[in-house]
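Please open the structure in your viewer and keep the selection tool at hand.

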Amino acid sequence: MTGSEGFATRLAQIRHWVQTVAIPAEEEVVASDQIPERLVEDMRRLGFFGWSIPRQYGGSGFTTTELARANFEIAQASTAFRARAGTNTGIGAEGLVQDGTEAQRDAWLPRLASGEITSCLALTEPGAGSDAIAVATTARRDGDAYVLNGKKAFITNAPIADLFTVIARTDPDNPKKGGLSAFLIEKGTPGLVPGAPYRKMGQEGSPVSEITFADCRVPAENLIGGVEGSGFDTVMKALNKQRINLAAFCTGSAMRMLDEAIQHALTRKQFGRPIGDFQLVQAMIADCQTDVHTARALILETAARRDAGEDVTMEASICKYHASEACGRVADRAVQIFGGSGYVADYSCIERLYRDARLFRLYEGTSQIHQLNIAKRTLSAAAPSLRAAS
């Protein structure tokens with residue numbers, strides 16, 4: 001079996017599990033605000049936790065393109081399923097894959113790939129969100145360890161994580177990115193205290209909370225890469241890839257909502273006819289289909305360019321911005337197509353999917369931050385040619 005044939009088989013397996021197991025279990029996830037352990041074990045058995053982790057560490061070693069296609073599928077179920085495994089295949093492990101020492105990779109990546117442990121990235125703070133360099137959590141060197149103090153906020157999977165990638169300031173005299181370092185911290189380390197899960201607008205089953213560090217002592221060998229001052233660059237490497245992944249999550253969710261809206265339009269009758277016969281409903285379906293197709297094409301093109309070794313920093317930002325905004329538009333139209341039953345949870349899943357989709361435009365860079373990044377890079381690229389012409 002060739003590599004492409006092997007991936008096609010894996011993709012069909014993922015699609016089958018999402019459609020026959022995950023989607024039918026969504027109401028159970030919402031009711032309990034967690035994914036049942038039997039389904040987490042399913043995800044482990046099917047290799048969901050190791051999609052992006054290299055094969056030599058027990059993962060699947062998916063390319064960026066393959067990972068995007070897998071994420072289109074898993075994101076069609078409740079966001080909780082993607083979030084449960086997504087940190088291991090994204091921001092919670094990618095910094096270790098990119099910049100970890102060989103000893104660090106050997107120690108942690110096989111356990112992450114198998115799903116034995118769950119990871120998370122602790123970057124955001126109450127005062128450091130869009131301005132990510134404004135991290136106030138400190139890491140002071142003390143002999144063969146670092147002592148961390150501070151607080152993180154809005155950390156996906158923090159209440160259930162076993163391994164935390166934490167960004168802290170190792171040089172208090174350097175307010176720029178060179179003062180930041182990245183650490184691996186195990187659950188149960190004295191001084192590391194995850195908070196209670198937040199009450200959220202949506203995304204039930206995906207726990208998010210604060211983390212407090214109070215004289216948390218971390219072995220110096222847990223400094224990612226063994227080098228101070230490179231933590232911010234490590235995070236940016238992870239985020240640039242994750243923005244393509246997140247764009248795929250948004251698009252998979254939009255695919256699901258469009259499918260639900262189409263089925264409703266074909267079966268719901270008014271004035272003696274399916275509402276899909278009416279042109280204004282058809283217009284909304286056409287706009288949804290266009291948003292899904294443009295996002296999907298953009299993501300796959302960007303993923304292929306990243307796989308070819310190109311710098312796609314700006315393109316990844318475009319993917320996340322466009323796909324999250326497109327998903328929001330699809331969500332709004334889907335509610336409109338469903339009418340009153342789209343607003344009432346007792347009648348359809350669209351009410352829940354609409355709430356879940358709202359977060360996509362906020363995390364891993366708000367739409368406005370991505371607009372600024374895209375504009376800055378566009379103008380910067382144009383400046384040399386303008387100077388040369390003048």
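Rings of Phe, Tyr and Trp (its six-membered ring) pair if their centres lie within 6.5 Å; planes under 30 degrees apart count as stacked, over 60 as edge-to-face and the rest as tilted. By this definition the structure holds nine aromatic pairs. The model is predicted: local features need pLDDT of at least 70, side-chain atom pairs count only at pLDDT 80 or more, and totals for chains, interfaces and linings use all residues. Residues are numbered from 1 along each chain as its sequence is written, and side-chain values use heavy atoms, with hydrogens and water left out.

**First stop: aromatic pairs.** Select phenylalanine 7 and phenylalanine 62. Their ring centres are 5.2 Å apart and their planes stand at 90°, so the pair is edge-to-face. Phenylalanine 7 belongs to helix 1 (residues 3-22) and phenylalanine 62 to the loop between helix 3 (37-45) and helix 4 (64-74), so the pair ties together parts that are 55 residues apart in sequence. Helices (H or I, at least four residues) and strands (E, at least two) are DSSP runs, numbered from the N terminus. Both phenylalanine 7 and phenylalanine 62 are buried, where buried means under 20% relative accessible area, exposed over 50% and partly exposed in between (1.4 Å probe, protein chains only).

Next, select tryptophan 17 and phenylalanine 81, an edge-to-face pair with 5.8 Å centre to centre and 85° between the planes. Tryptophan 17 lies in helix 1 and phenylalanine 81 in helix 5 (residues 79-86), so this pair ties together parts that are 64 residues apart in sequence.

**Second stop: helix 7.** Select residues 102-114. Where does helix 7 bend? The bend, of about 35°, is at tryptophan 108, and proline 110 follows within four residues; the angle is taken between axes fitted to the seven residues ending there and the seven starting there. Buried residues of helix 7 include Gln104, Arg105, Trp108 and Leu109. The buried residues of this helix pack against helix 6 (94-99), strand 1 (119-122), strand 4 (163-169) and strand 5 (180-186), contact meaning heavy atoms within 4.5 Å. After helix 7 comes glycine 115, whose phi is positive, near 80°.

Strand 1 runs parallel to strand 4, and four bridges join them; two strands pair if DSSP finds at least two bridges between them. Select serine 119 and leucine 163 to view bridge partners.

How values were computed. Expected span 1.5 Å × (residues − 1).
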